[in-house]
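Subject: A structure for you to look at

Hi there,

Here is the structure I promised to pass on. Have a look at it first, and then read my notes on its pockets below.

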Amino acid sequence: MVPTGTPDVLLRTEGRAGFITLNRPRAINALTHAMVLAVDGALTAWEHDPEVTTVVVEGAGERGLCAGGDIRAIHEDARAGGSASAAFWRDEYRLNARIARYPKPYVALMDGIVMGGGVGVSAHGSVRVVTERSRVAMPETGIGFVPDVGGTYLLGRAPGELGTHLALTGGAVGAADALLAGLADHFVPAAELPALVEDLKRLPAAEAVARHAVAAPAGVLAEQREWIDACYGAADVETVVELLFDAGVPAAKEAATTLLAKSPTALKATLAAVRRARLLGTLEEVLDLEFRASCAALTTPDLVEGIRAQVVDKDRNPRWTPPTLAEVTDADVARYFTAPPGGDLGLAGTPADADRDARDRA
């Protein structure tokens, strides 16, 4: 079967490799539902094609692999009370799980901006390459959302509390810190990417990458582990913020200030999601949990307001509801982990089963 691309997803085979090029460069290749389906179709076709031994995903343009999902479309859907976003997430999260289990090498060229849904189509791959231009992030709390696409699975397994820090602040990391946090595997200088692509056409993926991978320039998170681990291990977000302010470290104070600008409800739901994700055994279980959280967020005022402030009007002055952490109740957070009206994702049984298993393991 020959895979069918779209104007926004270009497909080609060269040598032994199949190439998926996300092709919305003006939008930093933000994902639409049609793009997700096109990528999935390519994986279906190439999985059983003996001529294709490696799959490579890359982004068109100079700005990045993928800036995430099309949040303008999500904003419109949320305002209208629609169901298009939930349908998109059903297929997107299934694609994320498929990438993680793909039987052939799946090489993600994580050059430039890789955020949100871009992490979902790259960081679950078996060969994840970053460059000095990489900026990898799950910035959802800034728009009143919760990290999804398996982001809480990845961040929940980062060393110490690094993942909690990145999930709550939404901070972008460079190559070395992406490697440290377990979001990438190899550093290849951006100037070497064309040569790497040529080698992927003729060599096994591991051999091709090994020819070009070098040590990444130093990052910052390794030196910040002491205060990150000490502060983000607190029981609740309020205490995390207090500890950050009291740490006596400028970077910690900056992180606290950053947190206070995010959606209070999203912060509390995100902390709960990351901690639940740590207890779950598989990516599929976590994606089930994230689907519940995403559908819940779709019905909250903060998602509409956050996208308005950051993307639509760009005034960077969101008015969160409620406006403070103290006003977010346990019931508000619990809503993020209940079955949505349209039904659960069900990748690995129901999220209720996954939650019960997690409690048993704890």
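Please keep in mind that this is a predicted model.

Let's begin with the largest pocket. Helix 2 (71–80), helix 3 (84–101), strand 6 (113–115) and helix 15 (301–312) each contribute at least two residues to its lining. Helix 15 has the largest share, with four residues.

How much space lies in the largest pocket? The value comes to about 1,000 Å³. The lining has 39 residues, and those closest to the centre of the pocket are Ala-67, Ile-71, Pro-139, Ile-143 and Val-311. Sorted by class, the lining of the largest pocket holds 21 nonpolar, nine polar and nine charged residues.

Now for the second largest pocket, where about 390 Å³ of space lies. By class, the lining of the second largest pocket has eleven nonpolar, eight polar and four charged residues.

In case you wonder about the idea behind this, rolling a probe the size of a water molecule over the atoms shows where empty space is left.

Enjoy exploring!

Best wishes

Conventions:
Residues numbered from 1 in each chain as written. Predicted model: local features only at pLDDT ≥ 70, side-chain atom pairs only at ≥ 80, totals over all residues. Heavy atoms only, no water. 1 Å grid on protein atoms, 1.4 Å probe; cavity = no way out; pocket = protein on both sides within 12 Å on 5 of 7 lines; lining within 4 Å. Points joined across faces, edges and corners; volume = space filled by probe spheres on them. Nonpolar A, V, L, I, M, F, W, Y, C, P; charged D, E, K, R; others polar.
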